[in-house]
There are 2 protein chains.
Amino acid sequence: MTTSESISALKNIATELRIDSIESTTEAGSGHPTSCMSAAEIVATVFFGEMRFDPMNPQNPDNDRFVLSKGHAAPILYAAWAHTGLFPRKDLLKLRRFDSDLEGHPTPRLPFVDVATGSLGQGICAAVGTALNARRIGSDYRTYALLGDGEMAEGSVWEAADVALYHKLDNLCGIVDVNALGQSRHTQFDHRMDEIAARWNAFGWHTLIVDGHDVEALLHAFAAARAAKNNPTMILARTIKGKGVASVEGKDGWHGKAFKKGEEADRAIAELRTQLSGSTPNPRIPPPASKPREAVKPDTSPDFSKMPAPSYKPGEQVATREAWGTALAALGAVDRRVVALDADVKNSTFSDRFEKAFPDRFYQNFIAEQVMVGAAMGLAARGAIAFATTFACFLTRAADFIRMSGLSNARHQLNVKLTGSHAGVSIGEDGPSQMALEDLAIMRAVPDCAVIYPCDAVSTERLVVEMANYHGLAYMRTSRPKTDIIYGLDETFPIGGSKVIRQSASDVATVVGVGVTVFEALKAYDQLKAQGINIRVIDAYSVQPIDAATLVASGKATKGVIITVEDHYAVGGLGDAASEAVAPAGLTVRRLAVRELPRSGQPTELLDRYGISARHIVDAVRKSA
Amino acid sequence: MTTSESISALKNIATELRIDSIESTTEAGSGHPTSCMSAAEIVATVFFGEMRFDPMNPQNPDNDRFVLSKGHAAPILYAAWAHTGLFPRKDLLKLRRFDSDLEGHPTPRLPFVDVATGSLGQGICAAVGTALNARRIGSDYRTYALLGDGEMAEGSVWEAADVALYHKLDNLCGIVDVNALGQSRHTQFDHRMDEIAARWNAFGWHTLIVDGHDVEALLHAFAAARAAKNNPTMILARTIKGKGVASVEGKDGWHGKAFKKGEEADRAIAELRTQLSGSTPNPRIPPPASKPREAVKPDTSPDFSKMPAPSYKPGEQVATREAWGTALAALGAVDRRVVALDADVKNSTFSDRFEKAFPDRFYQNFIAEQVMVGAAMGLAARGAIAFATTFACFLTRAADFIRMSGLSNARHQLNVKLTGSHAGVSIGEDGPSQMALEDLAIMRAVPDCAVIYPCDAVSTERLVVEMANYHGLAYMRTSRPKTDIIYGLDETFPIGGSKVIRQSASDVATVVGVGVTVFEALKAYDQLKAQGINIRVIDAYSVQPIDAATLVASGKATKGVIITVEDHYAVGGLGDAASEAVAPAGLTVRRLAVRELPRSGQPTELLDRYGISARHIVDAVRKSA
């Protein structure tokens with residue numbers, strides 16, 4: 001394998017990838033050629049001397065996976081795939097154009113990209129997920145992730161390091177392109193390879209330092225990584241930014257800068273061409289591991305029709321978070337693709353019910369929400385239906401990962417299902433640091449993400465199934481307190497729907513509740529009814545997409561009076577969603593929501609103090625109607 | 001100092017703190033007594049054997065600082081302060097009550113709390129900021145941060161580790177309460193102290209392992225930390241969760257659980273009382289270091305009246321991000337409290353202008369947005385006016401820190417000023433991973449946070465000054481492309497205001513733009529004008545608070561037609577803000593905003609493709625008016 005011929009071929013490929021990276025960025029007029037040039041031998045070696053994959057079918061489930069965690073080096077990733085023969089090399093010149101999927105940073109609009117990268121420190125987390133997935137589907141495929149050295153400053157990298165160690169992911173191999181230059185200056189650790197290695201060693205990784213421009217050394221390192229058992233491997237490759245073009249090598253001020261079209265680019269390319277030695281053919285790419293394994297059908301639509309119906313007794317009180325746990329465990333029994341990820345709160349979110357039933361599909365991430373969501377992305381990108389859960393307030397820790405999940409869902413196939421428990425002031429005494437009051441806004445801002453917020457155990461169970469069936473990203477918000485069961489066991493709850501739970505011909509206002517406030521609306525209904533005033537009460541369990549037709553019809557039927565009430569800040573939640581939905585009909589919405597920093601107290605006390613209790617609904621109805 | 005008498009006193013205090021922690025949580029009926037009990041000797045020793053501070057004036061600028069990064073141990077923090085004499089011990093029984101500031105997790109509603117904690121991994125980042133602040137004000141005070149061991153799973157802890165090393169913060173001393181139990185299970189590293197120590201050593205910290213229940217060993221460790229130069233210190237204290245009450249010591253299932261009132265609590269307290277030895281008086285707390293230093297007035301209101309006026313030539317095109325950099329450097333010359341924090345994008349955000357002028361007040365965090373915002377919190381909590389900046393999309397990485405900044409701003413004194421550059425699809429070719437389209441929603445969801453989005457260089461400069469003067473949190477969104485200067489050099493831009501930049505008596509619609517879309521609105525104005533149609537154009541530079549009066553008046557003057565247009569998703573931005581502002585007047589808003597995942601392309605191409613260009617405004621006016 002490491003014959004002098006193949007070594008020479010890899011060196012040539014590295015040079016060609018450099019040329020491609022310069023040509024494409026110069027044509028685009030922007031991009032990061034020098035960040036590609038430092039990685040040229042690494043990419044050439046991993047693609048053409050190490051990985052086993054079918055280049056004509058990048059989605060083959062047994063292909064080795066490559067994640068470009070340093071997403072700004074996209075041009076060299078594209079060049080490598082063009083080099084495999086997947087698409088014509090001339091297409092590279094469409095880089096960054098609106099009519100091309102070869103975007104500035106990689107997205108899964110491209111068939112060879114599992115997850116979008118370009119926000120540093122995320123690809124390595126997703127790679128943890130793809131490595132876990134190999135175990136899930138019983139495949140021998142390996143995962144390779146290329147990081148930048150500046151990227152190691154992101155804490156999420158160390159979250160990934162911990163989780164990979166914990167799960168003994170010896171099928172995961174990271175490579176850091178240590179070119180010592182960040183965007184604006186030298187990195188914190190420059191070329192002090194030993195200091196960097198000490199970190200990875202301390203985090204329990206099998207760690208190797210190599211000359212990142214020596215393909216033979218890289219081949220040996222990859223072989224050593226493959227041979228290492230139990231621990232993941234990190235290859236620290238000492239490189240030079242801009243390598244191959246003397247005028248930019250190791251120079252500050254060349255980050256994210258294309259060579260100017262004309263003399264500047266031509267001279268650089270001419271210099272690189274002198275580094276080519278003959279026309280050695282590409283080494284053959286070995287096919288994916290063919291070890292027989294249980295068949296998986298990653299493209300089959302989920303079918304959860306066999307799910308048991310919810311089973312509760314009349315008068316029972318059950319928290320939606322608990323019903324969620326019950327439903328998740330049931331889902332796991334119906335489809336092996338269902339997996340669960342936790343961040344050390346499984347006994348509060350009730351994901352421990354899934355763990356108990358399916359310990360091998362339950363992935364503990366400890367208190368590290370970023371890698372939890374990142375790993376869920378990686379698992380989902382390889383066919384899992386990945387439920388990741390923590391307190392809703394702590395999902396904000398992963399907001400950037402959620403943003404990138406949205407982008408990774410460009411084909412509506414990324415089945416990441418997030419659940420945030422303990423939402424809102426209704427958690428009570430733990431206080432504001434534990435109260436999610438912005439999660440609906442963050443999740444609604446993800447295009448095509450379904451946002452669900454059930455009020456009782458029956459609707460929760462039904463909606464967990466809807467989430468699982470939904471194509472792509474979905475979010476469910478659950479609550480801490482036990483609540484009444486208000487729905488019949490056979491009712492259905494389609495995403496995009498709502499439930500009109502009280503109505504009459506003489507309703508003076510439409511009150512739209514969601515989650516815990518549905519019960520406040522019902523109390524307000526009773527109080528007003530006793531005074532001879534009828535209101536319509538709607539449970540808007542599907543916050544996105546919202547049931548615009550029902551809201552408009554109801555609003556019209558109640559003389560234009562629509563009042564929303566939510567255990568969330570006024571920004572970006574139910575009120576805004578409803579307001580936009582009814583605006584085309586000329587209707588406005590009065591929003592009851594939390595409008596100040598809350599504090600510790602009893603749940604009922606807080607609902608009242610922050611303006612979202614039955615009393616406030618009654619007041620609002622009286623003032624509006 | 002380490003006489004047998006003081007040792008005995010510290011042991012007694014530790015036991016008393018345990019008793020207080022049990023009594024208060026039992027009275028509250030919830031809380032984390034066992035997480036307090038593991039930390040009792042640590043807290044007793046640091047408060048009564050190590051720190052120098054004035055307990056009657058917790059805000060003395062020279063006091064040593066204590067940050068409870070493991071915020072769920074709040075009861076022992078409160079008990080320690082009661083023990084100093086700051087407030088009566090009986091107040092501890094008000095824990096978690098609505099009428100008390102002794103909340104479930106610490107907030108700065110209490111005078112001895114600098115930043116809110118309770119979201120793990122944040123206190124240590126803030127402690128980096130308070131340690132940097134000591135250098136800023138020339139004080140000898142030291143910062144102590146108590147972490148949980150489970151907390152080390154949060155990547156932000158390692159971001160803090162890197163930044164503290166880089167800045168050689170030998171005035172920072174962390175203590176990890178290694179009780180080996182997380183919420184739902186044993187931590188990843190249990191009591192394997194050497195594995196934990198290897199990590200901190202590898203990150204360059206002076207690292208010590210001690211028995212966390214041995215006050216003498218703790219005193220020695222603190223003394224060693226004080227003696228260490230250049231590097232920060234991490235004391236790894238091996239402890240037992242629930243220590244002191246045999247029935248819960250080291251037991252799983254006791255996280256976040258109060259002892260039941262009555263026999264269970266009484267028995268635990270009785271057991272602890274047997275551990276008290278006599279009534280040794282408390283050791284005297286040494287006063288803060290009195291080393292003479294330049295006076296600082298942390299409570300003085302900023303006065304930026306001496307700021308130079310913006311200076312631009314007619315016809316000049318300047319990006320708002322660049323004007324921001326110019327203004328920030330000017331601010332720094334006027335008030336020494338102004339500091340800047342960067343995450344390795346200073347040459348793109350233009351914060352390098354501040355660095356050049358004031359290198360000692362410029363703090364590099366490399367690519368680590370969480371610690372950047374966390375350190376800004378710490379600095380601001382100690383009197384700095386802290387401008388932290390990166391690309392707007394990467395501020396989402398710090399969304400949970402931003403959430404907690406909001407909480408830390410409970411007294412409207414936390415002068416954290418965030419700026420997100422390169423917002424929206426108008427960045428163009430770099431593609432969607434670099435486009436912030438949800439930042440307005442995230443920032444608007446922070447109570448009392450001013451959200452500013454200027455369109456030209458003049459308004460940017462003026463608004464940077466407004467941000468600096470604003471009490472508490474503020475956010476500015478800046479843009480990548482160069483834009484025309486449309487305002488006169490002497491115009492003013494109060495927060496909460498707006499600018500009506502085109503109007504006539506015959507306007508058929510109000511078009512509200514912000515940032516780059518102001519120019520699209522102006523183009524639409526010209527096109528419509530040419531067709532004999534007049535529109536009113538408003539620059540809503542203050543997205544929060546929004547200028548409701550002007551919007552309502554304008555909407556009424558244009559027959560109720562209001563169209564908003566923003567380079568942001570439809571959720572939680574200008575459209576929602578405007579909609580809520582005009583709803584009480586019965587007006588609705590038509591929102592032009594980005595409504596799908598964008599892709600790479602040219603800025604103008606993208607504005608048009610995603611529905612926010614002049615053409616779309618013209619269409620909307622024609623359809624609505």
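Predicted model: local features only at pLDDT ≥ 70, side-chain atom pairs only at ≥ 80, totals over all residues.

The numbered points below treat the interface between the chains, the packing of helices, the salt bridges and some backbone details.

1. How many residues of chain B are in contact with chain A? On the side of chain B there are 104 such residues, and they touch 104 residues of chain A. Between them, chain B and chain A bury about 8,300 Å². Of this buried area, 51% is on carbon and sulfur atoms.

2. The polar side of this interface may be described next. There are 55 residue pairs in polar contact between chain B and chain A, counting pairs with both residues at pLDDT 80 or more. The side of chain B that touches chain A consists of 38 nonpolar, 35 polar and 31 charged residues. Across the interface of chain B and chain A, 12 salt bridges are found. One example is the salt bridge between B:D162 and A:R199, in which the closest N and O atoms are 2.4 Å apart.

3. Within chain A, helix 1 (residues 4–28) packs against helix 8 (residues 215–227). How are two packed helices described? For helix 1 and helix 8 of chain A, the angle is about 105 degrees and the axes are 9 Å apart. Angles of 65 to 115 degrees count as roughly perpendicular, so helix 1 of chain A is roughly perpendicular to helix 8 of chain A. Helix 1 of chain A contributes A:I7, A:L10 and A:K11, which meet A:V215, A:E216 and A:L219 of helix 8 of chain A. By class, this contact has 4 nonpolar, no polar and 2 charged residues.

4. Helix 1 of chain A also packs against helix 9 (residues 263–273) of chain A, where the axes come within 9 Å and cross at roughly 170 degrees. An angle over 145 degrees counts as roughly antiparallel, and helix 1 and helix 9 of chain A are therefore roughly antiparallel to each other. Among the residues in this contact are A:I19 and A:I22 of helix 1 of chain A, and A:A265 and A:L272 of helix 9 of chain A. The contact divides into 6 nonpolar, 2 polar and 3 charged residues.

5. Over all chains, the structure holds 64 salt bridges. One of them joins the side chains of A:R273 and A:E23, at 3.7 Å from N to O. Where do these two residues lie? A:R273 is in helix 9 of chain A and A:E23 is in helix 1 of chain A; the two are 250 residues apart, and the pair thus links distant parts of the chain.

6. Some backbone details deserve attention. In chain A, a cis peptide bond joins A:Q544 and A:P545, with omega about -10 degrees. A:P545 is found in the loop between strand 17 (542–544) and helix 19 (548–557) of chain A. In chain B, a cis peptide bond joins B:Q544 and B:P545, again with omega about -10 degrees.

7. Finally, B:F350 is a residue other than glycine with a positive phi, near 75 degrees. B:F350 lies in the loop between helix 11 (346–349) and helix 12 (352–357) of chain B.

Methods
Residues numbered from 1 in each chain as written. Chains lettered and ligands numbered in written order. Heavy atoms only, no water. Contact = heavy atoms within 4.5 Å. Buried area = accessible area lost by both parts, 1.4 Å probe. Salt bridge = Lys/Arg side-chain N within 4 Å of Asp/Glu carboxyl O. Polar contact = N/O pair within 3.5 Å; in protein donor to acceptor, adjacent residues only side chain to side chain. Nonpolar A, V, L, I, M, F, W, Y, C, P; charged D, E, K, R; others polar. Axes fitted to C-alpha atoms, helices over the stretch in contact; angles between N-to-C directions. Helix = DSSP H or I, 4+ residues; strand = E, 2+ residues; numbered from the N terminus. Parallel < 35°, antiparallel > 145°, perpendicular 65-115°, else oblique.
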